[in-house]
Amino acid sequence: MSSMADIVTTPETEPTATLSIIGSEGTREFIRYTVASAIALGIDITTLFALTNWFNVSYLLSGAIAFTLGLLIVYVLSVRWVFEHRVTRNWSTEFFIFALIGLVGLGINEAFLWFFTSIFGVYYLLSKIASVVAVFTWNFCARKYLLFR
């Protein structure tokens with residue numbers, strides 16, 4: 001259903017003046033992705049904590065709900081601010097691939113939560129923190145390579 005007209009070869013916006021002095025395009029995108037991910041992570045962890053502690057939702061279900069909310073936030077920030085190039089203008093295709101990458105990240109997240117909390121008895125929020133580096137690395141690399149070259 002997509003056509004060659006869906007392919008994007010130029011940035012939709014110019015880099016901000018503040019970030020344009022900081023190295024390459026890839027460096028600027030990495031910095032912005034780190035900030036966007038930190039915002040999404042803050043909402044993710046807050047939601048995980050609230051659902052688990054205040055609403056007595058299982059930490060695994062809370063983790064999935066919180067992760068999904070973070071995924072939506074980081075998608076909007078990624079297409080609006082983080083990445084300077086997009087492979088496609090077809091937002092539904094782009095979001096589908098973005099979400100698939102996120103689902104792999106969710107699997108990594110859930111594996112960390114289960115492994116450290118259920119197997120080793122680590123407090124679930126500490127298990128979440130342990131998952132952050134692995135999920136961040138996977139998400140940034142996969143999204144940069146597949147969607148935002």
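Guide: Start with how the chain is put together. Of the contacts in the protein between residues at least 6 apart in sequence, 74% link residues at least 24 apart. The model is a predicted one, and its secondary structure consists of five helices and zero strands. Along the sequence this reads as α-α-α-α-α.

Now the pocket. The space in the largest pocket comes to about 320 Å³. Its lining has 19 residues, and those nearest the centre are Ser37, Leu41, Phe67, Val135 and Asn139. At least two lining residues come from each of helix H2 (25–54), helix H3 (59–82), helix H4 (91–119) and helix H5 (124–146). H5 gives the largest share of the lining, with seven residues. By type, the lining holds ten nonpolar residues, six polar ones and three charged ones. As for how such spaces are found, rolling a probe the size of a water molecule over the atoms shows where empty space is left.

H2, one of the helices that supply the lining, has the highest confidence, at a mean of 94. The lowest belongs to helix H1 (residues 17–20), with a mean of 55. Over residues 1–5 pLDDT stays under 50, and the model gives that stretch one contact beyond four places in sequence.

The loop between H2 and H3 contains Asn56. Asn56 is not a glycine, yet its phi is positive, at about 55°. Its relative accessible area is 68%, and because anything over 50% counts as exposed, Asn56 is exposed.

Val87 sits in the loop between H3 and H4. With 23% relative accessibility, Val87 is classed as partly exposed. Val87 and Arg149 are 62 residues apart along the chain, while their C-alpha atoms are separated by 6.6 Å.

Helix H4 itself includes Phe95. Phe95 has a relative accessible area of 24% and so is partly exposed. Leaving aside residues up to four places away in sequence, Phe95 touches Leu72 and Tyr75.

The loop between H4 and H5 holds Val122. Val122 counts as partly exposed because its relative accessibility is 26%. Apart from residues up to four places away in sequence, Val122 touches Phe116, Thr117 and Ser127.

Finally, the protein as a whole. Of its 149 residues, 38% are buried. The protein exposes about 8,300 Å², and 73% of that area is supplied by carbon and sulfur atoms. To return to the part you asked about, the pocket has a lining of 19 residues, to which H5 contributes the largest share.

Methods
Residues numbered from 1 in each chain as written. Predicted model: local features only at pLDDT ≥ 70, side-chain atom pairs only at ≥ 80, totals over all residues. Heavy atoms only, no water. 1 Å grid on protein atoms, 1.4 Å probe; cavity = no way out; pocket = protein on both sides within 12 Å on 5 of 7 lines; lining within 4 Å. Points joined across faces, edges and corners; volume = space filled by probe spheres on them. Helix = DSSP H or I, 4+ residues; strand = E, 2+ residues; numbered from the N terminus. Nonpolar A, V, L, I, M, F, W, Y, C, P; charged D, E, K, R; others polar. pLDDT = per-residue confidence, 0-100. Contact = heavy atoms within 4.5 Å. Buried < 20%, exposed > 50% of the residue type's maximum accessible area, 1.4 Å probe, protein only. Areas by Shrake-Rupley, 256 points an atom, 1.4 Å probe, with all protein chains shown as cover.
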